[in-house]
Amino acid sequence: MNERTLLFVIHIICVGIVAFTQLLLPNFTRKNLVLGVAIPEEALEDFKLKRLVREFRLVTILVTLVTIILSFGMAYLWNSSVRLLILWMVFGSFILFLPVIYYNRKIREWKAASGYQIQVKKRVADLSLSKQKLTYSGVNLWLYLIPLAIVAIGSIYILINYDKIPDQIPMHYGASGEVDRYSQKSLFVALYPTLVNLFLIGVIFVSNLFFLKAKQRVAITDSEDSLRRLLIARKIWTYSFVATTTLTVLMMQGLSLTMVYNITNINPYMNWFWVIIVLIVVVQILVGLKVGNTGEKLPRQHGETLELFEDDDKYWIFGGSIYYNPDDPAVMVPKRVGLGSTINLGTTVGKIVMLGLLLIIILSIVPLFFIPM
């Protein structure tokens, strides 16, 4: 397998995962949120709404197929450069989100034309939530000591066996699984996997904190039970974050042993790599389906009654994936589309965070034009 084929296969796998997850989007959120649009109870069985959801899934499949065909053409028919293929892998995945943006707008138009509105008599806010979410769910953040311990043990092992490490350390493996780039032995190079792992732990830990600190809306109907399920969901998602971190660290730390044992072909270990990737994806999808973003999928104490929230569609942009409300001081809020939290671009901090993310993406892409391939 050459590098072009490897990139194509990785891209197809990523596209398949994104597309499959996107098809399940209507199943991740609470019942009266359809592709990021708040729908009143009496409209949930409307034939036109169900038809729009079916169309969304069909268009997602068609866009996925077109993306795969274009990827194949770029990889083999048009003899595109590896650099262009990598750029396509980065931007091609965003194309899959276009059906979400389009059908979010179509459902909003249908809702407005039909005259449907969610009637809310009063706004309810549980002020104790801001105190409980960190003492109840955040108490499990100590579990991040598990991946940190794995990194520490791996690093100590590397240091103990530093003298056994060859003068030329494998730094990159090609599509064939063989080493295609070495680096001169040094303490920094030997501990480079440790630095990568610490960075990964930090990124996931901060993401977990954002999730825990995100402003949560408690249902107006049965707010006490809504809060109970919300706090349980935070705890379960923290476990999921920690499990993802631990599996990723194990995978990366295992690769670091190639230095000590001078392994020149990693093909025998790639099967474990894919098993871990699949396991992480499956766990995330199952938690999303069984728990939901804020516990909306968990069993209720008082029966399966529809929960009412404020109808704030006007504050959600870009297909319901980004929140923009200058009157809301919260920087992070739960997503309406998909899982996790999103940024409130109506706040100054939100704008700074978004600018930082864009800079990271740009700085990750620009080197492609300068690195020899």
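Predicted model: local features only at pLDDT ≥ 70, side-chain atom pairs only at ≥ 80, totals over all residues.

User: Why is Leu 35 called buried?

Analyst: Leu 35 has a relative accessible area of 3%. Buried means under 20%, so Leu 35 counts as buried. Leu 35 is found in the loop between strand S1 (33–34) and strand S2 (37–38), and its phi is near 50 degrees, a positive value in a residue other than glycine.

User: Where does Phe 318 lie, and what is its phi?

Analyst: Phe 318 lies in the loop between strand S5 (316–317) and strand S6 (322–323). Its phi is near 55 degrees, which is positive although the residue is not glycine.

User: What makes the pair of Tyr 102 and Tyr 103 edge-to-face?

Analyst: The structure holds 8 aromatic pairs. In the one formed by Tyr 102 and Tyr 103, the ring centres are 5.0 Å apart and the planes stand at 85 degrees. Rings pair if their centres lie within 6.5 Å, and planes over 60 degrees apart count as edge-to-face; the pair of Tyr 102 and Tyr 103 is therefore edge-to-face. Ring pairs also link Phe 56, Tyr 102 and Tyr 103 into a cluster.

User: Why is Tyr 102 called partly exposed, and why does Tyr 103 count as buried?

Analyst: Tyr 102 has a relative accessible area of 37%. Buried requires a value under 20% and exposed one over 50%, so Tyr 102 is partly exposed. Tyr 103, at 5% relative accessibility, counts as buried.

User: How do you know that Lys 185 lies over the face of Tyr 162?

Analyst: Lys 185 is at 4.4 Å from the ring centre of Tyr 162. The distance criterion is within 6 Å, and the charge must also be within 35 degrees of the ring normal. Lys 185 is assigned to the face of the Tyr 162 ring.

User: Why are H7 and H9 called roughly antiparallel?

Analyst: Helix H7 (residues 145–160) and helix H9 (residues 192–213) pack at an angle of about 175 degrees, with their axes 10 Å apart. Angles over 145 degrees count as roughly antiparallel, and H7 is therefore roughly antiparallel to H9. Pro 147, Leu 148, Val 151 and Ser 155 of H7 make the contact with Thr 194, Asn 197, Leu 198 and Ile 201 of H9. These residues divide into 5 nonpolar, 3 polar and no charged.

User: What makes Leu 143 buried?

Analyst: Leu 143 has 12% relative accessibility; the cut-off is under 20%, so Leu 143 counts as buried. Leu 143 lies in the loop between helix H6 (129–137) and H7. Leaving aside neighbours within four places in sequence, Leu 143 is in contact with Tyr 239 and Val 242.

Key
Residues numbered from 1 in each chain as written. Heavy atoms only, no water. Helix = DSSP H or I, 4+ residues; strand = E, 2+ residues; numbered from the N terminus. Buried < 20%, exposed > 50% of the residue type's maximum accessible area, 1.4 Å probe, protein only. Phe/Tyr/Trp six-rings, centres within 6.5 Å; stacked < 30°, edge-to-face > 60°. Axes fitted to C-alpha atoms, helices over the stretch in contact; angles between N-to-C directions. Parallel < 35°, antiparallel > 145°, perpendicular 65-115°, else oblique. Contact = heavy atoms within 4.5 Å. Nonpolar A, V, L, I, M, F, W, Y, C, P; charged D, E, K, R; others polar.
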